[in-house]
Amino acid sequence: MIKQAIIPLAGLGTRLLPLTSIFAKELLPINGKPGIEYILDECADAGIKKIVFIISKKKQMIKDYFYKDSFYQKIIKKKKDPRIIKEYKKILKFKKMIKFVYQNKPLGTGDAVLKTKKFITDDFFLMLLPDDLIIKKNCSKSMINIHNRYKSSVMASINVPKKTVSRWGIYKLGKKINKNNYVIKDVIEKPTISTAPSNKAVIGRYILPRKIFSKLLNQKPGKGGEIHITDAIQSLIKNNEKFIAHNFTGKYLDCGSMSGYIKSTLEIAKS
């Protein structure tokens, strides 16, 4: 069973400037609730017990959000507001699940993952990218079900229009397991329309093997001088590590850009 998860949160959030010049994008409200709480709810509902947040010193407010006990206690002491008490209990529940590590230089998602090595003790773990919200169905839960069945790594997949493939990581697929699951032969970062091996794109939900840490430790920086998680995944696939692309059935929302953030808010308000 998958019981541990990591969530990279140290990104600068430049697509949401100027808001993110002073505010962590993951705490921005989506229909009255911080975006990060949708990710935490997904984890809890999927049976995750321990979560590692990768933040930076600039994102210290994320940690503060879960550690304002005295503030809540003073408010609750003055007025026994049921809504505030409920919110405080929820934050206390999340606080018990979360540990924090720091990535103070933007050296890529692979580097962020490597920061969590000492906390990950199981053979496989879940990684969620917070810009990608998936509503209506719990994507993490369905991926864990696939992992339990095939004992392999799993990555979320979505069909995208062929004309947009250059914006995504695109799967090169092998054997079809069933209508929603395929063996992954490779992942191609932002291919051209003519070179894209499929129209199935990578979405920010991954079940990864603990052995990926040894790959990341020895990995040289790639494009932009960063350590890319995709490079480590490609290396594992070449070493015959089985990865499955899972076409999930929930609704995907990109809340990492200003237009996507607004659309996400409107979509969640409707649902």
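The largest cavity is lined by Lys25, Glu26, Ile30, Gly35, Ile36, Ile39, Pro130, Asp131, Leu133, Cys255 and Tyr261. Here a cavity is a set of points, on a 1 Å grid over the protein atoms alone, where a 1.4 Å probe fits but cannot get out, and lining residues have an atom within 4 Å of a point. This is a predicted model, in which local features need pLDDT of at least 70 and side-chain atom pairs count only at pLDDT 80 or more, while totals for chains, interfaces and linings use all residues. Residues are numbered from 1 along each chain as its sequence is written, and side-chain values use heavy atoms, with hydrogens and water left out.

The structure holds one cavity of 30 Å³ or more. The space in the largest cavity is about 100 Å³, a volume being the space filled by probe spheres set on grid points that are joined across faces, edges and corners. Its lining has seven nonpolar, one polar and three charged residues; Ala, Val, Leu, Ile, Met, Phe, Trp, Tyr, Cys and Pro count as nonpolar, Asp, Glu, Lys and Arg as charged, and the others, Gly among them, as polar.

Helix H1 (residues 35–45) gives the largest share of this lining, three residues. Helices are DSSP runs of H or I with at least four residues, numbered from the N terminus. H1 is largely enclosed by the rest of the structure, because eight of its eleven residues are buried, that is, under 20% relative accessible area with a 1.4 Å probe, protein chains only. These are Gly35, Ile36, Glu37, Tyr38, Ile39, Leu40, Glu42 and Cys43. Just after H1, glycine 47 has a positive phi of about 95°.

Leu40 also belongs to the largest nonpolar core, of 58 residues, where Ile7, Leu40, Ile51, Phe53, Ile62, Phe66 and Ile98 touch the most other members. Such a core is a set of buried Ala, Val, Leu, Ile, Met, Phe, Trp, Tyr and Cys residues joined through side-chain atoms within 4.5 Å. Apart from it lies another core, of 27 residues, including Tyr171, Val202, Ile229 and Leu236.

What of the cysteines? A search of the whole structure finds zero disulfides, a disulfide being a pair of cysteine sulfur atoms within 2.5 Å. Cys255, from the cavity lining, is buried at 9% relative accessibility. Its sulfur is 14 Å from the closest cysteine sulfur, in Cys43, too far for a bond.

How values were computed. Buried < 20%, exposed > 50% of the residue type's maximum accessible area, 1.4 Å probe, protein only. 1 Å grid on protein atoms, 1.4 Å probe; cavity = no way out; pocket = protein on both sides within 12 Å on 5 of 7 lines; lining within 4 Å. Helix = DSSP H or I, 4+ residues; strand = E, 2+ residues; numbered from the N terminus.
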